[in-house]
Amino acid sequence: MRSRKVIFLFLIFCVCSSAFAQQKKLVQFSGLIYAQGIDITVPYVTVRNTSYGDQTFSATHEGYFSFVAHVGDTISFSSVGYETLTFVIPETNSDKYTAHIEMKSMVTELPAVTVGPPFPYASIEEFTIAFLALNLNDDDIMMAKKNLSQQALSTLALIMPRSAEEIQSQTNVQRHINLSNKAINQNFANPLLNPFAWGALIDQIKRGDYSREKLKY
């Protein structure tokens, strides 16, 4: 019996809340989001209506947003690098309301870095000398010539693996060499395996083509 009363009171509360929400005035809430102190828009800010089911919207790359909300709704603006900002839509006589939202950037201080051990320079003076000795005056043409030099290409050939196109090209070249060698072997076959060559040799011996008398000068 008690559980039924609780359920009944909960339903009454939901109905009253829904009726109260429907009585709230609807407005077209629009605006631009800027960084505080500077005239720069903040892009892609997450906009949430925390008073109406956490409806979530996103501002454009120019910091512009527009959606339907109720008068009195609390709107939350959040973005990486900026502090979260809340804004309550005020009463207005129109069905539109435009706001100028300014978000404060979060400044994060990084720890200081001291030049020294374990860095390769023992002092700031040595680092300054090494930095000033850097040759950074090469233009695009000079850098391209250095990258395409014989030494640079030889070094890259030793450390870089072959691409699929290079492997296929090398395979085709090897196949061509094998076919060429096969044709050469057919043209210049081993005479020891040729019966006709043996027959010609025997005939030459019978005729005495290789006798010692004929070999004398």
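Which residues have the most contacts inside the largest nonpolar core? Select F29, I33, F65 and F77, which have the most contacts within this core of 18 residues; a nonpolar core is a set of buried Ala, Val, Leu, Ile, Met, Phe, Trp, Tyr and Cys residues joined through side-chain atoms within 4.5 Å, where buried means under 20% relative accessible area, exposed over 50%, and partly exposed in between (1.4 Å probe, protein chains only).

This is a predicted model, in which local features need pLDDT of at least 70 and side-chain atom pairs count only at pLDDT 80 or more, while totals for chains, interfaces and linings use all residues. Residues are numbered from 1 along each chain as its sequence is written, and side-chain values use heavy atoms, with hydrogens and water left out.

Next, colour β1 (26-35), β4 (64-70), β5 (74-79) and β7 (96-103), the elements that give two or more residues to the core; strands here are DSSP runs of E with at least two residues, and helices are runs of H or I with at least four, numbered from the N terminus. β1 gives the most, with 4 residues.

Now centre on F65, which, leaving aside neighbours within four places in sequence, is in contact (heavy atoms within 4.5 Å) with F29, S30, G31, L32, I33, A59, F77 and I101.

Move on to D73, in the loop between β4 and β5, which is buried, with a relative accessible area of 1%. Not counting residues up to four places away in sequence, D73 touches K24, N49, S51, Y52, F87, V88 and I89.

Finally, select L153 in helix α4 (residues 150-159), which is partly exposed, with a relative accessible area of 40%.
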